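Hi,

Here is the structure I promised to pass on. Have a look first, and then read my notes below.

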Amino acid sequence: MEDEKCCVVVCETPLDQKYWEAQYQANSTNWDLGDVSPPIKTFIDTLENKNSRILIPGCGNTYEAEYLLSEGFTDVTVIDIAPTLVDSLKIKFGNNPNIKIILGDFFEHTGNYDCIIEQTFFCALPPTMRQKYVWKMHQLLAENGIISGLLFNREFDVSPPFGGSQEEYEKLFKAAFSIEKLNVCQNSTEKRAKTELFFEFKKSNSLVNLYTFQGITCSGCMKTVSDLFMKIEGVQNVSMSTDFLEILVVSATEIPIQMLEEAISYDKKYKITKI
């Protein structure tokens, strides 16, 4: 699946606006299917409320939005960080009042949506940002809101895209979302056959908080801290980023920061701050 690469990069390359803008300026978009992905098209066809507030983050050429509009949906928002791409989308969709096209950072976006469609955004983010992704998705969705789309069920030799596994996703989204569907796609495009998971997650009523963390330098210490937090009454899931700098805590009730600080007070170099 070499054609899934957008370019050859090393892990230290910042995947920021400059990086993605360069991909669109150079037309290095081999990940682009050229049409709405069949599993997402099938999902869209199940949506009954044409007035649902729908967001597509890291939208790319957003054939999904094009299909939504063709099917009569009236409240579609797309956001991407690359100016060249966003300029082309504004031309493509003209003055269509049913779509909002935003140039910006998804993680700084505010809004309230009934449905968020995931198509190659998650896999374009460095794995260190996956806890932040869960936190932000939960924040943007309305009560009982749905996030649905595709996740890769494989790893890549060169990234982006960044892969993963069903087991990893189940642990990452646990408690923050109800996992309604998470299965190997049966109708992927040929070049992605048997490598995609279709998912549909419903926002839970749990509290989802993200914290910065200082002091951890190894996976053993990460597990120790995560286990300590899990012992706190009301905590439902704990997940730390792979660079040990952020930790996601899902709980049934608000956990006072003092309780988290007390749990890690055995090591003076540990510091935790709520984002």
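To start: which residue in strand 5 is the bridge partner of Tyr-113? The partner is Leu-141.

A word on what you have. This is a predicted model, where local features need pLDDT of at least 70 and side-chain atom pairs count only at pLDDT 80 or more, while totals for chains, interfaces and linings use all residues. Residues are numbered from 1 along each chain as its sequence is written, and side-chain values use heavy atoms, with hydrogens and water left out. Helices (H or I, at least four residues) and strands (E, at least two) are DSSP runs, numbered from the N terminus.

Back to strand 4. Strand 4 and strand 5 (residues 141–152) run parallel and are joined by five bridges; strands count as paired if DSSP finds at least two bridges between them. Strand 1 also runs parallel to strand 4, with two bridges, and there Leu-55 has Ile-116 as its bridge partner in strand 4. Five of the six residues of strand 4 are buried, so the rest of the structure largely encloses it. (Buried means under 20% relative accessible area, exposed over 50%, partly exposed in between, with a 1.4 Å probe and protein chains only.)

Helix 3 (residues 63–70) is mostly covered too, with six of its eight residues buried: Tyr-63, Glu-64, Ala-65, Tyr-67, Leu-68 and Leu-69. Those residues pack against several elements, including helix 2 (38–44), helix 4 (83–93) and strand 4 (113–118); contact means heavy atoms within 4.5 Å. After helix 3 comes Gly-72, with a positive phi near 95 degrees.

Then there's an open sheet of four strands, in the order 9-10-8-11, with antiparallel pairing. Strand 9 (235–240) and strand 11 (271–274) are at the edges with a single partner strand each, so one side of each has no neighbour in the sheet. Strand 9 and strand 10 (residues 246–251) are joined by five bridges, and Val-235 has Ser-251 as its bridge partner in strand 10.

Last, a helix pair. Arg-130, Gln-131, Tyr-133 and Val-134 in helix 5 meet Glu-168, Tyr-169, Leu-172 and Phe-173 in helix 6. The residues of this contact divide into five nonpolar, one polar and two charged (Ala, Val, Leu, Ile, Met, Phe, Trp, Tyr, Cys and Pro count as nonpolar, Asp, Glu, Lys and Arg as charged, and the others, Gly among them, as polar).

Cheers
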